[in-house]
Amino acid sequence: MEKPYRCPVCNAPLEEDKDAGFKIPPQCPYVGTTYPELCALHDKLYFGKWRKMEAGPNDIKRGYAKLVRLLSMMKEVIMRENVESARQDIRKAEEEFAMANPDEDPYSSVRFMDRALSYIHHAINDLLQEKKAKLHSPADYERHYDVILPFKEDW
Ligand SMILES: [Zn+2]
């Protein structure tokens with residue numbers, strides 16, 4: 001039997017996510033949510049280092065790669081669920097995302113990546129609303145992430 005390297009609920013790799021300061025909790029915090037995989041990856045981006053003041057070009061490039069993955073997951077789900085409002089929000093996310101080019105200019109890319117992430121959040125909520133499920137709020141999961149990382153690193 002192969003060891004499960006990914007969380008069975010949210011499909012996140014079972015390792016600490018240093019970019020987001022994510023520590024593996026005993027039980028997946030996303031266990032009660034309708035789209036655990038989308039919400040988990042969204043939050044890893046939301047709390048990710050690329051959005052912080054001290055982010056370096058490589059943090060931004062890793063954030064970009066994660067956004068590529070989240071966008072393609074979103075498109076798959078939206079194709080299956082066929083929710084028009086979510087489709088529109090993802091289109092807007094892609095428009096913003098297309099303006100980002102972290103290889104050429106990582107620091108000005110952050111703004112577009114940030115807007116793309118925000119439209120993705122809207123799209124996730126469009127999907128949840130369609131299912132009459134509770135809307136997703138990253139603040140509910142904040143305690144699983146190391147949101148005060150900058151202060152810690154000073155020590
Ligand atoms: Zn999980």
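Student: What classes of residue make up the lining of the largest pocket?
Tutor: The lining has 10 charged residues, 6 nonpolar and 1 polar (Asp, Glu, Lys and Arg count as charged; Ala, Val, Leu, Ile, Met, Phe, Trp, Tyr, Cys and Pro as nonpolar; the others, Gly among them, as polar). The model is predicted: local features need pLDDT of at least 70, side-chain atom pairs count only at pLDDT 80 or more, and totals for chains, interfaces and linings use all residues. Residues are numbered from 1 along each chain as its sequence is written, and side-chain values use heavy atoms, leaving out hydrogens and water.

Student: How do you know that the 15 residues of helix 3 span what they should?
Tutor: The expected span is 1.5 Å times one less than the number of residues. For helix 3 (residues 84–98) this gives 21 Å, and its end C-alpha atoms are 21 Å apart, so the two agree. Helices are DSSP runs (H or I, at least four residues), numbered from the N terminus.

Student: Why are the buried residues of helix 3 said to line one face?
Tutor: Those residues are Ala86, Asp89, Ile90, Ala93, Glu96 and Phe97. Seen down the axis, they fall within an arc of 115°, so they line one face of helix 3; the arc is that of directions from the helix axis to the C-beta atoms. Glu95 and Ala98, on the other side, are exposed.

Student: Why is asparagine 11 called partly exposed?
Tutor: Buried means under 20% relative accessible area, exposed over 50%, and partly exposed in between (1.4 Å probe, protein chains only). Asparagine 11 has 31% and therefore counts as partly exposed. Asparagine 82, with 53%, is exposed.

Terms used: Helices (H or I, at least four residues) and strands (E, at least two) are DSSP runs, numbered from the N terminus.
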